[in-house]
Amino acid sequence: MSLLLVPAPTHLETRPGDGFVFTENTALVAPPGVARYAARLLGLGLDADGDASDTVELTLGAQPGEAYTLTVDADRIHIDGSTAGLVRGLATLVQLRALAADGAVPALRIEDAPRFARRGLMIDVVRHFFGVPALRRVIDLMAAYKLNVLHLHLTDDQGWRFESASRPELTEQSSATAVGGAPGGHLSAADLAGLTEYAAQRGIEVVGEIDLPGHTNAALHAVPELNAGGAATEVYTGTDVGFSQLTLALPATTGFLTDVIGDLAALTPGPYLHIGGDEVHTMEAAEYVEFIEAAAALTAAAGKTPIVWGEGAAADLPEGTLVQLWDTNSDPAPIAAAAQRGVGVILSPAKHVYLDMKYHDDYPLGLDWAGTVGVRDSYDWDPEQYLPGVDPAAIVGVEAALWTETIVTEADLFTMLLPRLAAVAEVAWSAQSDRDWETFAPRLAAHEPFWGAAGYPHEANVLAPVG
């Protein structure tokens, strides 16, 4: 039983008796770490005296990680968990309230915990730039579906999107451009600080990415000494990949890497930093491995654990490094081998979770190099079976990705996210035994009014079950 919740909870038991009806007298009792967020989310005042007749009460409990319990009676809703667990329980309560057919949240008890510790979404803010307001809305949507990592792709051939204190020329020279001549932009240090704080209140970690050693034309344009001839490259606003690269053979490169990795590490308080590593088509294998190992070592020296795209699995990586599988047209054997060496794997298989792929052949937005990705494609797969022969314990999480070559407006962005992001969220949160397409499809369709009320553009014509 799920009561139309997405993701499906681990255990839900309905109880006899009246449900809880929110009124103007409903008050909130909550610990300081989550009180303000809960009050805003639920639209409730805090009960300072503890004498309200009907309450939503949050208590800090002993459940590990993001686990929580939620109990609903006629005069009280109680959520218990760690701070992170309380945030996840609040997301469930918001859904229960929005989906309550008669205005009453039914009497029930939920015991819930995530399947995977990392449940992420990558947003490319380079090909087309999306600033703080749009990213805050993305964070709110992620929190609604219990995702907990926002991965920002901040550098590429078309632009440089974060303020580097050591290298101000990067944003001065390479932030104003985007694909097709669209306006660019960048996130200031204050922008990133505010965004990471906003995300943290919602239980979401922000991970920044500097893509290396390829996808680097914006850096090569802004910093001439990174080029073999000492001359800056031209601005690039196309969508081809694989033509640019940095090289350790130039004396300027290591200092540049030290500066920008250190600057991004200082701007993002979480434990990880993504150093890219994908689609380097102009570099010999040995030089590529040397570069990834050097960048990973600099990342570790800056106090961060590296994350690399799947190609980086060929390198000898520091302990704790995560490898992110993405290319479903490539042999996954090197990633499987890295997993057997103890490297953790994030699964982002393009044929399932690349949300910049078209919904279907005739869809006006998106690409199709990995095929089309319908809602069922995003939902109907088992991460623990994706890499045969790999210990499921090596799979640390699932991350959807939205590249923005064809994504120009905020409406485009959310239309490509919804409804597929909710499907990915259930893949990442709910146990495989609790997931079934035939029961998921009507639950997902029931959320369309919720998206509309929240002002999220979404693709409504793909919600019906697909063969």
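# Legends to close-up views of a predicted model

**Figure 1. Confidence along the predicted model.** In this predicted model, strand β4 (residues 45–46) has the lowest mean pLDDT among the elements of the protein, 91, and strand β11 (residues 149–153) has the highest, 99. The average pLDDT of the protein is 96, and 98% of the residues score at least 70.

**Figure 2. The open sheet of seven strands.** The strands of this sheet follow the order β1-β9-β6-β7-β5-β3-β4, and their pairing is mixed. Strands β1 (11–14) and β4 form the edges, each pairing on one side only. Strand β1 runs antiparallel to strand β9 (residues 108–112), and four bridges join the two. Within this pairing, His11 stands opposite Glu111 in β9. Strands of a sheet pair through backbone hydrogen bonds, either parallel or antiparallel.

**Figure 3. Strand β6 and its two partners.** Five of the five residues of strand β6 (residues 68–72) are buried, so the strand is largely enclosed by the rest of the structure. In a regular strand the side chains alternate between the two faces of the sheet. Here both faces are covered: Tyr68, Leu70 and Val72 are buried on one side, and Thr69 and Thr71 are buried on the other. Five bridges join β6 to strand β7 (residues 76–81), and the two run antiparallel. They form a hairpin with three residues between β6 and β7. Thr69 has Asp80 of β7 as its bridge partner. Strand β6 is also joined to β9 by five bridges, again in an antiparallel arrangement; in this pairing, Thr71 stands opposite Arg109.

**Figure 4. Helix α7 and its surroundings.** Helix α7 (residues 251–267) contains 17 residues. From its first C-alpha to its last it reaches 26 Å, close to the 24 Å expected at 1.5 Å a residue. The buried residues of α7 are Thr253, Phe256, Leu257, Val260, Ile261, Asp263, Leu264, Ala265 and Leu267. An α-helix has 3.6 residues a turn, so residues three or four places apart point the same way. The buried residues of α7 pack against several helices, namely α4 (169–174), α5 (189–201), α6 (217–222) and α8 (285–301). They also pack against the strands β12 (205–212) and β13 (272–276).

**Figure 5. Phe256 and the nonpolar cores.** The largest nonpolar core has 131 residues. Those with the most contacts inside this core are Ile123, Leu152, Phe256 and Leu417. Apart from it lies another core, of ten residues, including Ala350, Tyr354, Ala370 and Val373. Not counting residues up to four places away in sequence, Phe256 touches Trp160, Arg167, Leu170, Ala219, Val223, Leu226 and Leu246. In soluble globular proteins, nonpolar side chains tend to be buried together.

**Figure 6. Aromatic pairs between separate parts of the chain.** The structure holds 15 aromatic pairs. In one of these, Tyr379 and Trp437 are tilted, with 6.0 Å from centre to centre and 50 degrees between the planes. This pair links distant parts of the chain: Tyr379 belongs to helix α11 (residues 375–379) and Trp437 to helix α14 (residues 437–445), 58 residues apart. Tyr379 and Trp437 are both buried. Phe414 and Tyr456 form another tilted aromatic pair, with 5.1 Å between centres and 50 degrees between the planes. Phe414 lies in helix α12 (residues 410–417) and Tyr456 in the segment after α15 (448–453), so this pair ties together parts that are 42 residues apart in sequence. Phe414 and Tyr456 are also buried. Elsewhere, ring pairs link Trp309, Trp326, Tyr354, Trp369 and Trp403 into a cluster.

Figure 7. Thr216 is found in the loop between β12 and α6. Its relative accessibility is 4%, so Thr216 counts as buried, the cut-off being under 20%. Not counting residues up to four places away in sequence, Thr216 touches Asp157, Asp211, Ser244, Gln245 and Leu246. Tyr236 has its place in the loop between α6 and α7. Although Tyr236 and His221 are 15 residues apart in sequence, their C-alpha atoms are 8.9 Å apart in space. Leaving aside neighbours within four places in sequence, Tyr236 is in contact with Asp157, Gln158, Asn217 and Phe243.

Terms used. Residues numbered from 1 in each chain as written. Predicted model: local features only at pLDDT ≥ 70, side-chain atom pairs only at ≥ 80, totals over all residues. Heavy atoms only, no water. Expected span 1.5 Å × (residues − 1). Buried < 20%, exposed > 50% of the residue type's maximum accessible area, 1.4 Å probe, protein only. Contact = heavy atoms within 4.5 Å. pLDDT = per-residue confidence, 0-100. Pairing = 2+ DSSP bridges. Core = buried A, V, L, I, M, F, W, Y, C linked by side-chain atoms within 4.5 Å. Phe/Tyr/Trp six-rings, centres within 6.5 Å; stacked < 30°, edge-to-face > 60°.
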